[in-house]
Amino acid sequence: MDENNVLMRIQGLTTNFHTYAGVVHAVDDMTLTIPKDSVVGIVGESGSGKSVTMMSVMRLIPSPPGRIEGGHVWFDGTALRMPDRMEKDGPNKGMVDLLSLSAEAMMKVRGRHIAMIFQDPMVSLNPVLTIGLQMTESMVVHGLATNKEAWKRAVDMLALVGIPNPEERMRDYPHQYSGGMRQRVMIAMALSCNPELVIADEPTTSLDVTVQAQILELMKELKVKLKSSIIIISHDLSIVAGMADKVVVMYAGRVLEEANVYDLYEKPGHPYTMGLMKSVPRLDAEDRERLVPIEGSPPDLLAPPIGCKFAPRCKYAMNICREQEPQLVTVGEGHRARCFLHHPTAPAVPGFVKVG
Amino acid sequence: MDTILKVEHLKKYFAVNVGGPFARHMASLKAVDDVSFEVGRGETVGLVGETGCGKTTVGRTIVGLYAPTAGTITYCDENLCALTREAMRKVRSKLQMIFQDPYASLNPRMTVGNIVEEPMDIFSIGTMAERRERVQELLRTVGLNPEHINRFPHEFSGGQRQRIGIARALAMNPEFIVADEPISALDVSIQAQIVNMLEDLQQNLGLTYLFIAHDLAMVKHISDRVIVLYLGKIVEVDESKDIYKHPLHPYTKALLSAVPIPDPRIEMQRQRIVLKGDLPSPVNPPSGCHFRTRCPIAQPICAEQEPELRDMGSGHMVSCHFAS
């Protein structure tokens, strides 16, 4: 990948939660690159660390109990307009480490450069403030517009996301909006400051399937119109399929696989990814085939298994998988997987494209 | 196929206050409005629709958790709506329910053994030792370790809790199970485990399912027939393998096209029928066809006349003026 084309690079990010029962390793040595003008999907079950990763990037981890123990989150310094904080040289030249910023400097990043769309629009809007006030707040706080200008721009944004009579609806309160409408407001709000990166954390999970289709279509449309990169977090492989350029599969706080969207669905390089695909029924399936579930349940992060975190549920687990944790290995262009099956001496597995 | 359950002209209205917090003005919310269908023995019927379409209300009315406003529910030639409390209690042991949220449907203060045993307690079946043995057998049936009989629900994961809920539903050897979104609270990799188990149980125990869900792909997978509900009314009924290929009602078409498919090559170029707007309020549904406000092919007749549920041949029913 072109080095100048990187918007954000997460490097070795580790976030732990110190609880009474022990230390929960929610995110462990996470590495991820977000190119400019791209859509990256992060897929994983609950507890896989996908939301904690993004909360760490935003520096919104409640502390205590949470603590970012290590790593860097490099963000394009030119976009941030923080020349004095940029790396002078090295591989991250021109990037700013978000984790090194003061709380004050971070406030200038949130909402302005990185915006977030939360899962549940029912609880993420303030019920006692009008939509207009909430829409304009971030623009005014970041000094991008006066109250009047911000109001005008907010009306335009509401129209853009398909809210009828935006002028009147600006004076309404969140309870006067339906679930789908609120999610549209959340999207408009996130985009109002023209951020370089939008993080959508399960944006459609709490919505009905027809409304979900509306929101996904809207996001696809906006992706073409606006010049933001989007990270879309989901537990559903099929939601990511239609939107993302690149998909990252997370499990137990780790990246298990990373590939461009076509490679991931056509030649998955990790048994977990393969398992996820076989365990969901497809609407376009001809016959009623029996589903192939992934047996067992996700590991307890207080006491994760030694070796590969997926080994206890893996059909193809070998002895080494229970002793040593595999590294992410390159299995194709931009395609990396964390699995010993790619090792030259590993046995061949049907349906698994081995490179090694 | 012999019919095990027959629902005729079922209506369930709830009284709601629409006058605001300080005024009293009651209106009726028509959760289920004139729904009729049959379920054959050993069949799995899927009930799908969006939030607020009345699918859960239909399920709850069948097992007797709600009293219907009008209509009849006939189970094995007995009209459930006309039964006395005592007679209903007996029938209900054959009619069980699996609930959506395994975190809310198990009493946190009871052990797993007591939760699963409770139905047998209520019906005074067997001695205490026999009941315990039956509980252990049930736990084995649903894939749990019988030694965990004295644990509490919080010691189990979501998938395991749903298994406990299923064991409880099986305790009375039921014939008919209403499964109300049994998998939607579970993780993707766990959903398939539970669905496969439900299929195995059906084979081994000869169960009949009414499977309520909003996930169309899963409903298509598990059901023999699918009933699509919209604002308390049936819009389409068909064999599950046919409804995907030949949906007739515009709502069914939109619903099917809204389901994402886990294949980027298909998904990136798919033309979606995207419905505009949201579900209208069931307190004040649109006149004529309930779907007309969001329907892409609505005509003036749709506002004036309510379409009948017509049989299009071989059990394919649809309620639309323009379906052919």
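This is a predicted model: local features need pLDDT of at least 70, side-chain atom pairs count only at pLDDT 80 or more; totals for chains, interfaces and linings use all residues.
His9(B) is found in strand 1 of chain B, which spans residues 3–17, where strands (E, at least two residues) and helices (H or I, at least four) are DSSP runs numbered from the N terminus. The phi angle of His9(B) is near 45°, a positive value in a residue other than glycine. Residues are numbered from 1 along each chain as its sequence is written, and chains are lettered from A and ligands numbered from 1 in the order in which they are written.

A positive phi near 45° in a residue other than glycine is also found at Leu231(B), which sits in the loop between strand 9 (225–230) and strand 10 (233–239) of chain B. Leu231(B) is buried, because 25 other C-beta atoms lie within 10 Å.

Turning to chain B as a whole, it contains 11 helices and 12 strands, and its C-alpha atoms fill a box of roughly 70 × 55 × 50 Å along the principal axes. Of the 324 residues of chain B, 46% count as buried. Among contacts in chain B with a separation of 6 or more, 63% join residues 24 or more positions apart, two residues being in contact if their C-beta atoms, placed from the backbone, lie within 7 Å. According to UniProt, in an unreviewed entry, the annotation "domain: ABC transporter" covers residues 5–256 of chain B; UniProt positions are given in the numbering used here, feature names are shortened, and annotations may be inferred rather than shown by experiment. That span of chain B is 37% helix and 27% strand, and its end C-alpha atoms lie 27 Å apart.

The two chains touch through 36 residues from chain B and 38 residues from chain A. On the chain B side, helix 6 (188–205), helix 7 (216–222), helix 9 (250–258) and helix 10 (264–268) each supply at least two residues, and helix 6 gives the largest share, 8 residues. That side of chain B divides into 20 nonpolar, 9 polar and 7 charged residues, where Ala, Val, Leu, Ile, Met, Phe, Trp, Tyr, Cys and Pro count as nonpolar, Asp, Glu, Lys and Arg as charged, and the others, Gly among them, as polar. Val188(B) has its place in helix 6 of chain B and counts as buried, because it has 22 C-beta neighbours inside 10 Å. Leaving aside neighbours within four places in sequence, Val188(B) is in contact with Glu45(A), His235(A), Asp236(A), Leu276(A), Ser279(A) and Val280(A).

The largest nonpolar core has 188 residues, and those with the most contacts inside it are Ile231(A) and Phe211(B); such a core is a set of buried Ala, Val, Leu, Ile, Met, Phe, Trp, Tyr and Cys residues joined through C-beta atoms within 7 Å. Not counting residues up to four places away in sequence, Ile231(A) touches Ile34(A), Val40(A), Ile42(A), Met54(A), Leu197(A), Ile199(A) and Ala200(A).

In chain A, strand 1 (residues 6–19) and strand 4 pair in the antiparallel sense over 8 bridges, two strands being paired if DSSP finds at least two bridges between them. In strand 4 of chain A, the bridge partner of Arg9(A) is Trp74(A). Strand 4 of chain A also pairs with strand 5 (residues 95–97) of chain A in the antiparallel sense, over 3 bridges, and there Asp76(A) stands opposite Met95(A). The loop between helix 1 (50–57) and strand 4 (66–76) of chain A holds Pro64(A). The peptide bond from Ser63(A) to Pro64(A) is cis, with omega near -10°, and the bond from Pro64(A) to Pro65(A) is cis, with omega near 10°.

Conventions
A residue is buried if 20 or more other C-beta atoms lie within 10 Å of its own, exposed if 12 or fewer, and partly exposed in between; C-beta atoms are placed from the backbone.
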